[in-house]
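Please open the model in your viewer and keep the sequence panel beside it. The tour goes from one selection to the next and says what is there at each stop.

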Amino acid sequence: MAPPRRKVLATAEETMFPPDELASTHQIARAIKATGNNIYLIELPDKKQMLVELPARFRSTFWIKRGSFVVVDTSTQEERDNKIGGEIINIVRDEKAWRKASFWPKEFPKQSVAAADSDSEEEESRVGKMPSSDEESDA
């Protein structure tokens, strides 16, 4: 059964804007991949990777794509004896607003979409394509 709409909307509004400041145990991290069962592999600003858990209030409400940013609390999992190193406490949805915050790590620069130059003479990948009619085989 889905959570009530008011809870979904409250969670969505809560994640829309960045907080004024982050706690000392909170860090912004980039999601690398979903490993399953609401566990994600993330990369911290210091290039350290760890597994984190997505709490129940975000499940079935938000989906985290590769390369998106999350806020991780590393103090919540210290008492557990497993590989999970933290918990996702917030999801960065409006990246432009979050980047303006003073606590945004410099290690995560804005990634621009590289447009392919029309002048470049690089050959296109032909994997999975039919050969052109110009390339008839000599049989």
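Start by selecting Glu 53 and Glu 87: Glu 53 stands opposite Glu 87 in strand S5. Strands, here and below, are DSSP runs of E with at least two residues, helices are runs of H or I with at least four residues, and both are numbered from the N terminus. This is a predicted model, in which local features need pLDDT of at least 70 and side-chain atom pairs count only at pLDDT 80 or more, while totals for chains, interfaces and linings use all residues. Residues are numbered from 1 along each chain as its sequence is written, and side-chain values use heavy atoms, with hydrogens and water left out.

Now select the whole of S5, residues 84–91. S3 pairs with S5 in the parallel sense, over three bridges; two strands count as paired if DSSP finds at least two bridges between them. S4 runs antiparallel to S5, and four bridges join them. To see one such place, select Val 71, which stands opposite Asn 90 in S5.

A salt bridge here is a side-chain nitrogen of Lys or Arg within 4 Å of a carboxyl oxygen of Asp or Glu. Glu 53 counts as buried at 19% relative accessibility, whereas Arg 59 is partly exposed at 29%. (Buried means under 20% relative accessible area, exposed over 50%, and partly exposed in between, with a 1.4 Å probe and protein chains only.)

How many salt bridges does the structure hold? There are four.

Select Arg 57 and Glu 14 for another of them: their side chains meet at 2.6 Å, N to O. Arg 57 lies in the loop between S3 (49–53) and S4 (69–73) and Glu 14 in helix H1 (residues 5–16), so the pair ties together parts that are 43 residues apart in sequence. Arg 57 has a relative accessible area of 36% and Glu 14 one of 43%.

Next, select Glu 43 and Arg 30, whose side chains meet in a salt bridge at 3.5 Å, N to O. Glu 43 is in strand S2 (residues 39–43) and Arg 30 in strand S1 (residues 26–36), so this pair ties together parts 13 residues apart in sequence. Are these two residues buried or exposed? Both are buried.

Finish at Glu 21, in the loop between H1 and S1. At 65% relative accessibility, Glu 21 counts as exposed.
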